[in-house]
Amino acid sequence: MFERFTKDARAVVKGAVVHAESEGAGSVDDGHMLLALLDREASRASFALASLGATRRRGSIEDALGETRRRGGLSQADTAALAELGIDISEIVSRVEEAHGVGALAGGRWAGHGAGHTGGRKAGRSVRNWTAHRPFTREAKDTLVRSLRIATAHRDRHIGDEHILFALTVRPGPVGEVLADHGVTHESVERVLYGGGAGQA
C-alpha cells in the first residue's frame, strides 16, 4: 500500500513519527498524524486546512489534543456519557495526576492502545520498516488503510495527504471530534477539495 503514497502523504507519516518521538510517546497515533498534517505546506491537505481556518487555529487544536491525552484518550462524547453515569472524568484525572504527576494518563489507551496489533504481518512489517520501527497504534493503522479506501472512492490513483485528512475526519474518536470542533469535517474538506459529491469510505 505504501508505494501508492505521494511524497506529501509519506511526509505526513514520517512527520507523525517525529511528533511521537518529540513527545516521548511509545507509539504513533492519529493525533500525531494530525499535527504532521498541520505542518505541511503547499499540499492539498494544507490547502484544505488553511481554507477551513484550522491552520491559524493550530494552538487551539494542539490544546484540545493535549486535553484529550490528559483524559487518557477519552473523547468529549465519552466523558459526557460517563458523566451521565455519575463518573466525573475531571476528578479522576486530577486524582491520578496528584498521585502520579501531570499527564499520567497520557500513556494509556491514547498513546499505546493497539500498538502491538499489526493488521496482518505483512502490513505491520511495511509500516515498521518505513517508520524506523516506531509502532503505530491500531487506530493509526486503520486510518492509513481508510485513506486508501477514500482514494479509491475518489478514483484517485495515489494516496495523498488529503486522503489521510479525510480518513481522520471520518474515524470516530477524539481526533475526529477535535477536527469537527474546529470546522474540519468530511463534508467541509470534500467541499473545499472536490466541490462535494464523492462518498466517504
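The legends below describe close-up views of a predicted model.

View 1. The secondary structure comes to twelve helices and zero strands. Read along the sequence, the pattern is α-α-α-α-α-α-α-α-α-α-α-α. The chain has 201 residues, and buried residues make up 45% of them. Among contacts with a separation of 6 or more, 66% join residues 24 or more positions apart.

**View 2. Helix α2 packs against helix α4.** Residues 30-39 form α2, and residues 58-70 form α4. The two axes lie 11 Å apart, at an angle of about 170°. Because angles over 145 degrees count as roughly antiparallel, α2 is roughly antiparallel to α4. From α2, the contact takes in Gly31, His32, Leu34, Leu35, Leu38 and Asp39. From α4, Arg58, Ile61, Glu62, Leu65 and Arg69 meet them. By class, this contact has five nonpolar, two polar and four charged residues.

**View 3. Salt bridges link Asp39, Arg58 and Glu62 in a network.** The side chains of Arg58 and Glu62 meet at 2.7 Å, N to O. Both residues lie in helix α4. They are four residues apart, about one turn of the helix. Glu62 is partly exposed, with a relative accessible area of 35%. Asp39, the remaining member of the network, belongs to α2 and is part of the contact with α4.

**View 4. Arg44 and Glu162 form a salt bridge between distant parts of the chain.** The N to O distance is 3.2 Å. Arg44 sits in helix α3, and Glu162 sits in helix α10. The two are 118 residues apart.

View 5. Arg138 is partly exposed, with a relative accessible area of 30%.

**View 6. The largest nonpolar core has 41 residues.** Ile164 and Leu165 have the most contacts inside this core. Eight helices each supply at least two of its residues: α1 (7-23), α2, α3 (44-51), α4, α9 (138-153), α10 (161-170), α11 (174-181) and α12 (186-194). In soluble globular proteins, nonpolar side chains tend to be buried together.

**View 7. Leu165 and its contacts.** Which residues does Leu165 contact, leaving aside neighbours within four places in sequence? They are Leu37, Ala45, Ala48, Leu49, Leu179, Val184 and Val189. Val189 is also one of the buried residues of α12.

**View 8. Helix α12 carries a set of buried residues.** His186, Ser188, Val189, Glu190 and Leu193 are buried in α12. The cover over the buried residues of this helix includes α3 and α10. Gly195 follows α12 and has a positive phi, near 75°.

**View 9. Ser188 in helix α12.** Ser188 is buried, with a relative accessible area of 4%. Not counting residues up to four places away in sequence, Ser188 touches Leu52 and Gly183. Thr169 is 19 residues from Ser188 in sequence. Their C-alpha atoms are 9.8 Å apart in space.

**View 10. Ser43 in the loop between α2 and α3.** Is Ser43 buried or exposed? With 7% relative accessibility, Ser43 counts as buried. Leaving aside neighbours within four places in sequence, Ser43 is in contact with Asp8 and Asp161.

**View 11. Arg157 in the loop between α9 and α10.** Arg157 has 70% relative accessibility and counts as exposed. The C-alpha atoms of Arg157 and Thr6 are separated by 9.9 Å. Along the chain, these two residues are 151 residues apart.

Terms used
Residues numbered from 1 in each chain as written. Predicted model: local features only at pLDDT ≥ 70, side-chain atom pairs only at ≥ 80, totals over all residues. Heavy atoms only, no water. Axes fitted to C-alpha atoms, helices over the stretch in contact; angles between N-to-C directions. Parallel < 35°, antiparallel > 145°, perpendicular 65-115°, else oblique. Contact = heavy atoms within 4.5 Å. Nonpolar A, V, L, I, M, F, W, Y, C, P; charged D, E, K, R; others polar. Core = buried A, V, L, I, M, F, W, Y, C linked by side-chain atoms within 4.5 Å. Buried < 20%, exposed > 50% of the residue type's maximum accessible area, 1.4 Å probe, protein only. Salt bridge = Lys/Arg side-chain N within 4 Å of Asp/Glu carboxyl O.
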